[in-house]
Amino acid sequence: MKRTEEMSMTEGIYRVKISMSFPLRWVNSYVLSEPDGKITIIDPGPRNSETEQEWNEALADLGLTFGDIRQIVLTHHHPDHLGLSGWMQQVTGAPVRMSTRSRQEADYMWGPDSRINTILPDYYGRHGMPEDKTEQIYEHMKTFTSQITPLPNVIPVEDGEWLDMGGKRWVAVETGGHAPGHLSFYAPESMEILCGDAVLPQISPNISLQPGSDPQPLLSYMEGLQRLGELNVKQAYPGHRNPFSTFNERTVQLLEHHEERLQKLADRMQESPANAYDICLYMFGNRLGTHQLRFAMSETLAHLQELIRREVVKQVQQSDGSLYFQIYTE
């Protein structure tokens, strides 16, 4: 199948669907055509032999080569967005742009000194996850290394900085929650936004509490949604699913979604104290694969942390170091 059959173009913005694992199946990468024939690539996708070949095919279908890449711009550090950027940089010499905070998070998660593969399973274990599940998380975390190697050298993008991409001027809008330092790029003249995973049209972006990262990710996310919702957007280009025209309405829906989830969790906590793993199963069910379980566990913890901030629940540490949650009392 030709790559051109998996692209669409709107005002010089080409979408390239790059393969990734179930359940999302693909990530949206974008090719922005410059007036001089060069291109900017947004979020090239995870690295493996299949996705490298997909880019060879995509560029060939557009009548381009890797030498036509002027710059590679990343919305955030997750492997399905950052993954191929270091490899593309080696092949092309093109600069890679992302926020300073996002690059720091990439080092924390995927850098040579990272200990997240052991820190995260231990953290989940303290929150009640059984040992057989934490061992699966440990093995799962190791699978990401090949998807992001090598990490790119980065030229930072600051919040509020203007970038010239695809013959338009885009302002960087830095928000958190889904990923610390996440960047969206807004073109006010055409009212378009490259929103990465900050706002998705059909699914709710994962909001994860992880040790050593943002201590209040859900608060960060909801504050970011309010900021993004103030932009006048006619067309949004997300990291997953299809481009959409209801961006402003979607920010409101996502805020409401998280308030509903917080209320559901608070209602559960009225029944009895529980550890985060049991609450996770209550919220998301017990038929999750390892990848989904990691997301669900950290999302549960993010919502519990917000309830702690609101003084609805409190966290209690037992003598063995394990943790559970109960309704807040003075």
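Modeller: Gly128 touches Asn275 and Tyr277, leaving aside residues up to four places away in sequence; contact means heavy atoms within 4.5 Å. Residues are numbered from 1 along each chain as its sequence is written, and side-chain values use heavy atoms, without hydrogens and water. This is a predicted model, where local features need pLDDT of at least 70 and side-chain atom pairs count only at pLDDT 80 or more, while totals for chains, interfaces and linings use all residues.

Gly128 sits in the loop between H5 and H6. Helices (H or I, at least four residues) and strands (E, at least two) are DSSP runs, numbered from the N terminus. With a relative accessible area of 28%, Gly128 is partly exposed. The scale, for a 1.4 Å probe and protein chains only, is buried under 20% relative accessible area, exposed over 50%, and partly exposed in between. Gly128 and Ala276 are 148 residues apart in sequence, yet their C-alpha atoms lie 6.5 Å apart in space.

H5 covers residues 116-126 and H6 covers residues 131-142; they pack at about 155°, with axes 9 Å apart. Axes are lines fitted to C-alpha atoms, for helices over the stretch in contact, and angles run from 0 to 180 degrees between N-to-C directions. H5 is therefore roughly antiparallel to H6. Angles over 145 degrees count that way; under 35 is roughly parallel, 65 to 115 roughly perpendicular, and the rest oblique. The crossing of H5 past H6 is right-handed.

Which residues make the contact? H5 supplies Ile116, Asn117, Thr118, Leu120, Pro121, Tyr124 and Gly125, and H6 supplies Thr134, Ile137, Tyr138, Met141 and Lys142. By class, the contact of H5 with H6 has seven nonpolar, four polar and one charged residues. Here Ala, Val, Leu, Ile, Met, Phe, Trp, Tyr, Cys and Pro count as nonpolar, Asp, Glu, Lys and Arg as charged, and the others, Gly among them, as polar.

H6 also meets H11 (residues 290-309); their axes come within 10 Å and cross at roughly 105°. The pair is therefore roughly perpendicular. On the H6 side are Lys133, Gln136, Ile137, His140 and Met141, and these meet Thr290, His291, Leu293 and Arg294 of H11. This contact of H6 with H11 divides into three nonpolar, four polar and two charged residues. Ile137 and Met141 are listed in the contact with H5 and in the contact with H11.

Next, a residue in H9 (residues 247-271): Arg261. Arg261 counts as buried, at 19% relative accessibility. Its contacts are Met283, Phe284, Glu299 and His303, again not counting residues up to four places away in sequence.

Notes
A crossing is left-handed if the near helix is turned anticlockwise from the far one by less than a right angle, and right-handed if clockwise.
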